[in-house]
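Visitor: I have a structure open and would like to learn how to read it. Where do we begin?

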Amino acid sequence: MKQIDWLFFDVGSTLVNEEKAYQDRIEQAIADTNISYAAFYQTMNHYFKENKKGDAEALNDYGLKRPSWRSDLEVLYPDCKNVLKTLHQHYKIGIIANQLPNLQARLRRFGIDSWIDLVISSADVGLAKPDFAIFELAFQQANCLAEHAVMIGDRLDNDILPAKQLGMQTIWIRQGFSHLNHITNPAETPDWTIDNLTEILEILG
């Protein structure tokens, strides 16, 4: 294994469980329509299985507007705090995420900000994954080489593929809807695949 100095995490479906926020988005979208929750959910899952953004594709199929995202409904995965606390004893920890404004405040509310050394959020920097530029900004601010960093995220397209192309090591965490995804492009193949945060400790702990 190469020298590792920094671990960069995504947020949604990586550190936080978005299940209730997705449920709220569906309920908002289908309100005042004759579309059932089950039908919308089935359509959404169909697209996630094709490695697409299932909620966006389903909204488009049904001709519905995209409701606002309720980040206040997100909750930490139960093992998140212990994993970050343990890893922070050995590595610097950063965030590279496509997120709404005020991510720093949310991290404080979750009680995990003391273990996070750098936050690069799309809303703050005007860049978004999978653009290489948001990763390169993180390397610059962390004073870190790509080959000495690991990207941990749930999205093959936004997290794993660009990170690998830049020379990072990668951990694909199959939480949330990513458990429906499958690797179709060899360039997306992560160095490690896990099903929960605790498994990171077996690799890097």
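Guide: Let us begin with one serine. This is a predicted model. S13 has 4% relative accessibility, under the 20% cut-off, so S13 counts as buried.

Visitor: Where does S13 lie?

Guide: S13 sits in the loop between β1 and β2 (16-17).

Visitor: Which residues is S13 in contact with, leaving aside its neighbours within four places in sequence?

Guide: The list is E18, Y77, D154, I173, Q175 and G176. With E18 there is also a polar contact, side chain to side chain, at 2.8 Å.

Visitor: Which sense, parallel or antiparallel, describes the pairing of β1 and β4?

Guide: Parallel, over 4 bridges. Within that pairing, F9 has I95 of β4 as its bridge partner. β1 also runs parallel to β6, and 4 bridges join them. There, F9 stands opposite I152.

Visitor: F9 keeps coming up. How do I read a nonpolar core?

Guide: Start with the general idea. In soluble globular proteins, nonpolar side chains tend to be buried together. Here, the largest nonpolar core has 31 residues, and F9 and I95 touch the most other members. At least two residues of this core come from each of β1 (6-9), α4 (80-87), β4 (92-97), α5 (103-110), β6 (149-153), β7 (169-173) and α9 (199-204).

Visitor: Which element gives the most to this core?

Guide: α4, with 4 residues.

Visitor: What does F9 touch, not counting residues up to four places away in sequence?

Guide: F9 touches T14, L15, L84, L87, I93, G94, I95, I96, M151, I152, L197 and I200. A second, separate core has 18 residues, including L137, A138, C144 and A149.

Visitor: That brings up cysteines. How many disulfides does a search of the whole structure find?

Guide: The general idea comes before the count. A disulfide is a covalent bond between the sulfur atoms of two cysteines. The search of the whole structure finds 0.

Visitor: Is C80 buried or exposed?

Guide: C80 counts as buried because its relative accessibility is 0%. C144 is at 10%, so C144 counts as buried too.

Visitor: Back to the strands. How do β4 and β5 pair?

Guide: In the parallel sense, over 4 bridges. I95 has V119 as its bridge partner in β5. The chain goes from β4 through α5 to β5, and this β-α-β crossover is right-handed.

Visitor: Which residues of β5 point which way?

Guide: In β5 (residues 118-121), L118 and I120 point one way. V119 and S121 point the other way, and all are buried.

Visitor: Where is the place of N98?

Guide: N98 is in the loop between β4 and α5. Its relative accessibility is 28%, so N98 counts as partly exposed.

Visitor: How far apart are N98 and L127 in sequence and in space?

Guide: They are 29 residues apart in sequence. C-alpha to C-alpha, they are 8.4 Å apart in space.

Visitor: What does N98 touch, not counting residues up to four places away in sequence?

Guide: S122, A128, K129, I134 and N158. For K129 there is a polar detail: its backbone nitrogen lies 2.8 Å from a polar atom of the N98 side chain.

Visitor: How do I read the backbone angles?

Guide: Again, the general idea leads. Most residues other than glycine have a negative phi, and most peptide bonds are trans. In this model, a cis peptide bond joins K129 and P130, with omega about 15°. P130 lies in the loop between α6 (122-125) and α7 (132-142).

Visitor: What is the phi of N102?

Guide: Near 70°, a positive value in a residue other than glycine. N102 lies in the loop between β4 and α5. At 56% relative accessibility, N102 counts as exposed.

Visitor: And where does N143 lie?

Guide: N143 is in the loop between α7 and β6. N143 has a positive phi of about 55°, although it is not a glycine. N143 is exposed, with a relative accessible area of 72%.

Terms used. Residues are numbered from 1 along each chain as its sequence is written. This is a predicted model: local features need pLDDT of at least 70, side-chain atom pairs count only at pLDDT 80 or more; totals for chains, interfaces and linings use all residues. Side-chain values use heavy atoms; hydrogens and water are left out. A nonpolar core is a set of buried Ala, Val, Leu, Ile, Met, Phe, Trp, Tyr and Cys residues joined through side-chain atoms within 4.5 Å. Buried means under 20% relative accessible area, exposed over 50%, partly exposed in between (1.4 Å probe, protein chains only). Contact means heavy atoms within 4.5 Å. A disulfide is a pair of cysteine sulfur atoms within 2.5 Å. Two strands pair if DSSP finds at least two bridges between them. A crossover is right-handed if, with the strands pointing away from the viewer, the path from the first strand over the helix to the second runs clockwise. A polar contact is a pair of N or O atoms within 3.5 Å; within protein, one must be able to donate a hydrogen and the other to accept it, and residues adjacent in sequence count only if both atoms are side-chain atoms.
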